[in-house]
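Dear colleague,

Please find below the structure that I am handing over to you. My notes on it follow directly after.

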Amino acid sequence: MPSDSLIKLEGVSVYRRKQLIQNIQLTINPGEIITVIGPNGAGKSTLVRVAVGLVKPTEGKRIVKPGLRIGYMPQQIHIEPTFPLTVYRFLQLAHRAAPKSTQASKQNQRSKLKEQLSEVGAAHVIDTPLQNLSGGELQRVMLARALLRQPELLVLDEPVQGVDIAGQQALYQLISQIRGRYGCGILMVSHDLHLVMAATDHVVCLNQHICCSGHPEAVTNDPAYLELFGSNENLNLALYTHNHDHHHHLDGHVISEGKQDIDRPAEPNATRETSDKGGQDK
Amino acid sequence: MIELLLPALLGGLGVSLIAGPLGCFVVWRRMAYFGDTLSHSALLGVSLGFLFNINITIAVSFLCVSVALSLVFLQRQRFIASDTLLGILAHSALALGLIVVSLLDTVRINLMAYLFGDLLSIGYSDLIWIYSGGLAVLLLLARYWEPLVSITINEELAQVEGIPTTRMRILLMLMIAVVIAVAMKIVGILLITAMLIIPAATARRLAKTPEQMAALASIFGCISVVIGILSSALLDTPVGPSVVVGSAMLFLLSNLFFGIIRLWQS
């Protein structure tokens, strides 16, 4: 084990009346983005929960760098409607629980939290109740919360769940920028490799055990991957890429930006069809 | 008149003060049925207290605490859902309590007083119990407020951030057990949960932060105690139910108020 790796899982298996994950070997190094993909029930969340220490491995070992600061973003959290909580108070709680060295003084707290929010593009929601946020805003706030701890390792379980396609791309871009800025290692779960490809160094394809892993380009051509997900050629899907070329105000009306022709309809070439070979399966 | 009502008033206010913040947790964490279970088993505590001739408040606290602790462990198994488990415990404890009461032929117990409360029988020794128990709970709440709020928002997030979640959950259950033991005298076994949840629910729409909601719940609880005692003194209604009805009226009024505001705005 190189002394500088953040977390190392050695032969980790988890059983809970049935096998959840089996014999996982995984090393997370600083500054590295690892994406776990796999079908439903493959144990992706279990793997992540072992990594952050929420689940104890039934077999195998989890070796953690001493004093490792982990920022965790669980799958979409549900906030009880009966719980009055603004984004500011939500972040404040995390900030006070964070290591002392990362805390701002009381007077600077609000500006520091606001700064953290603007870094993830969510400064405008600082006084909004958590329950009123959109899916994308909530995920950005959760990301800001995880970053407050100045994490060395950021663990994201399906960070784009409940976010529309355009928002998903923006979020992945943001995550990749964060790695650059904080130099932290990132472990994330995704269900769509093609969306995360650009922002990933290492892909782990999971179906209880690790089917294949490696560089994203290599994994997409791996027979084990193809067997699980099929090749993209076989998808009988017409993807419509919506290029959002304008911004909306909070109430939905379009904000004009300079001379841009905002009422222009989406261009026809924004539609992209994948090849139509759906009938030729195996 | 005043001499008769003063201990009742002080006792009711003391209980409302701590029931406010704890009631918020009961509402946030959907523990209303848990509160019911503890209070139902309180009757068993009362009857055991008489049977073994020990202080009733101590017997009830002891029983509530042990029921709370056994729930922590019983909830770890997954074959029976939590609410079923709570129902089994609540009703078997209540039934067992009633049987033990009926077997006590040497003492006459005023069952109604325990089921529905007898605020006017409160003496100064009860006040000592209420205020010492209340102070202990308030100190604990102040000390552990932020971790308690964090585990209520999301337990896993709190755990990863280094908060001892199981200990905090047990602490919360124990504090609720203590409040139920001391509140029994005021509104009675069957109505305690109302004192916890109605003021908290009333406070919800007025509050922007969890702290505001806790403070407002305490205030609404105190107002309902005053309403209940006044109505009891002036109209000769039973005190416990009057407190609960007063609290329900506040809830209705605040909802009506916000309903009208919303209509006005639209």
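In strand β8 of chain A, A:H202 is the bridge partner of A:I34. The two belong to a parallel pairing of β3 (residues 33-37) with β8 (residues 202-207) of chain A, which has four bridges. Strands are said to pair if DSSP finds at least two bridges between them; helices (H or I, at least four residues) and strands (E, at least two) are DSSP runs, numbered from the N terminus.

Please note that this is a predicted model, in which local features need pLDDT of at least 70 and side-chain atom pairs count only at pLDDT 80 or more, while totals for chains, interfaces and linings use all residues. Residues are numbered from 1 along each chain as its sequence is written, and chains are lettered from A and ligands numbered from 1 in the order in which they are written.

β8(A) also pairs with strand β9 (residues 209-214) of chain A, in the antiparallel sense and over five bridges. Within this pairing, A:L206 has A:I210 in β9(A) as its bridge partner. One residue lies between the strands of this hairpin, and A:Q208 takes a positive phi near 70° there.

A further sheet of chain A is open and consists of three strands in the order β2-β1-β4, with antiparallel pairing. Its edge strands, each pairing on one side only, are β2 (19-28) and β4 (59-64). On average, and with direction ignored, neighbouring strands of this sheet are turned by 15° against each other; axes here are lines fitted to C-alpha atoms, for helices over the stretch in contact, and angles run from 0 to 180 degrees between N-to-C directions. Strand β1 (residues 7-15) of chain A is joined to the antiparallel β4(A) by five bridges, and A:K8 stands opposite A:I63 in β4(A).

Helix α1 (residues 44-52) of chain A lies across β1, β2 and β4 of chain A and runs at about 125° to β1(A). This helix is largely enclosed by the rest of the structure, because eight of its nine residues are buried. A residue counts as buried if 20 or more other C-beta atoms lie within 10 Å of its own, as exposed if 12 or fewer do, and as partly exposed in between, with C-beta atoms placed from the backbone. The buried residues of α1(A) are A:K44, A:T46, A:L47, A:V48, A:R49, A:V50, A:A51 and A:V52. Just after the helix, A:G53 takes a positive phi of about 95°.

Which residues does A:L187 contact beyond its neighbours within four places in sequence? They are A:I28, A:I34, A:V48, A:A51, A:L153 and A:V155, where contact requires that the C-beta atoms, placed from the backbone, lie within 7 Å. A:L187 itself lies in strand β7 (residues 185-189) of chain A and is buried, with 26 other C-beta atoms within 10 Å. Its C-alpha atom is separated by 8.8 Å from that of A:A51, 136 residues apart along the chain.

A:E80, by comparison, is found in the loop between β5 and α2 of chain A and is partly exposed, with 15 other C-beta atoms within 10 Å. The C-alpha atoms of A:E80 and A:Q131, 51 residues apart along the chain, are separated by 8.0 Å.

Turning to the contact between the chains, 19 residues come from chain A and 21 residues from chain B. On the side of chain A, β5 (70-73) and α2 (87-97) are the elements that give two or more residues, and α2(A) provides the largest share, five residues. By class, this side has 13 nonpolar, three polar and three charged residues. Ala, Val, Leu, Ile, Met, Phe, Trp, Tyr, Cys and Pro count as nonpolar, Asp, Glu, Lys and Arg as charged, and the others, Gly among them, as polar.

Chain B has eleven helices and zero strands. Of its 266 residues, 47% count as buried, and its C-alpha atoms fill a box of roughly 60 × 50 × 30 Å along the principal axes.

In chain B, helices α8 (residues 165-187) and α9 (residues 192-204) pack at an angle of about 100°, with their axes 8 Å apart. They are therefore roughly perpendicular to each other (65 to 115 degrees; under 35 counts as roughly parallel, over 145 as roughly antiparallel and the rest as oblique). The contact is made by B:I180, B:A183, B:M184 and B:V187 of α8(B) together with B:I192, B:A194 and B:M195 of α9(B). By class, it has seven nonpolar, no polar and no charged residues.

With kind regards

Technical notes:
Contact = placed C-beta atoms within 7 Å.
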